[in-house]
Amino acid sequence: MNKNLKEKKECLIKFMNDELYISNSKKNIDNFIHKNEYKKAFGLFILVIERLDDERKKYLICYYSENMNLGFFR
């Protein structure tokens, strides 16, 4: 029972860390885009995507494809 509880706790901590990482990364990417620093924005986007699992990758790609009118996301 203790082991199962520990695994759930670790899973929850990882999920929360991932959500914080995504949130902060989105802010940084958006700031780079706002400053017209597209190389930095795209570079950070790639780094973030590489770290995430498939579900979160889809979420972030959808976020930018819906909120930006950039041809390379289509």
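**Entry 1: H1 against H3**

In which hand does H1 pass H3 in their crossing? I looked it up in this predicted model. H1 passes H3 in a right-handed crossing. I then took the axes, which come within 12 Å and cross at roughly 25 degrees. Angles under 35 degrees count as roughly parallel. H1 and H3 are therefore roughly parallel to each other.

Next I listed the residues. From H1, the contact takes Phe15, Asp18, Glu19, Ile22, Lys26, Ile29, Asp30 and Ile33. From H3, I noted Arg56, Tyr59, Leu60, Tyr63 and Tyr64. I sorted this contact of H1 with H3 by class: eight residues are nonpolar, five are charged and none is polar.

**Entry 2: the whole chain**

I stepped back to the overall layout. The protein chain has three helices and zero strands. Along the sequence I read the pattern α-α-α. The chain has 74 residues, and buried ones make up 23% of them. I also checked sequence separation in the contacts. Of those between residues at least 6 apart in sequence, 53% join residues at least 24 apart.

**Entry 3: H1 against H2**

How far apart are the axes of H1 and H2, and at what angle do these helices pack? H1 covers residues 2–34 and H2 covers residues 38–51. I found their axes 8 Å apart, with an angle of about 165 degrees. The cut-off for roughly antiparallel is over 145 degrees. H1 and H2 are therefore roughly antiparallel to each other. I noted their crossing as left-handed.

The H1 side of this contact consists of Asp18, Tyr21, Ser25, Asn28, Ile29, Phe32 and Ile33. On the H2 side I found Tyr38, Lys40, Ala41, Leu44, Phe45, Leu47, Val48 and Arg51. By class, the contact of H1 with H2 has ten nonpolar, two polar and three charged residues.

**Entry 4: H2 against H3**

H3 spans residues 54–67. I found the axes of H2 and H3 coming within 9 Å and crossing at roughly 155 degrees. That makes H2 roughly antiparallel to H3. H2 contributes Phe45, Val48 and Ile49 to the contact, while H3 contributes Lys57, Leu60, Ile61 and Tyr64.

**Entry 5: the loop at Asn36**

Where does Asn36 lie? I placed Asn36 in the loop between H1 and H2. Its phi is near 60 degrees, a positive value in a residue other than glycine. Most residues other than glycine have a negative phi. I also checked accessibility: Asn36 is exposed, with a relative accessible area of 53%.

**Entry 6: cysteines**

How many disulfides does a search of the whole structure find? My search came back with zero. Cys11 is exposed, at a relative accessible area of 55%. Cys62 counts as partly exposed, at 38% relative accessibility.

Technical notes:
Residues are numbered from 1 along each chain as its sequence is written. This is a predicted model: local features need pLDDT of at least 70, side-chain atom pairs count only at pLDDT 80 or more; totals for chains, interfaces and linings use all residues. Side-chain values use heavy atoms; hydrogens and water are left out. A disulfide is a pair of cysteine sulfur atoms within 2.5 Å. Buried means under 20% relative accessible area, exposed over 50%, partly exposed in between (1.4 Å probe, protein chains only). Axes are lines fitted to C-alpha atoms, for helices over the stretch in contact, and angles run from 0 to 180 degrees between N-to-C directions. Helices (H or I, at least four residues) and strands (E, at least two) are DSSP runs, numbered from the N terminus. Angles under 35 degrees count as roughly parallel, over 145 as roughly antiparallel, 65 to 115 as roughly perpendicular and the rest as oblique. A crossing is left-handed if the near helix is turned anticlockwise from the far one by less than a right angle, and right-handed if clockwise. Contact means heavy atoms within 4.5 Å. Ala, Val, Leu, Ile, Met, Phe, Trp, Tyr, Cys and Pro count as nonpolar, Asp, Glu, Lys and Arg as charged, and the others, Gly among them, as polar.
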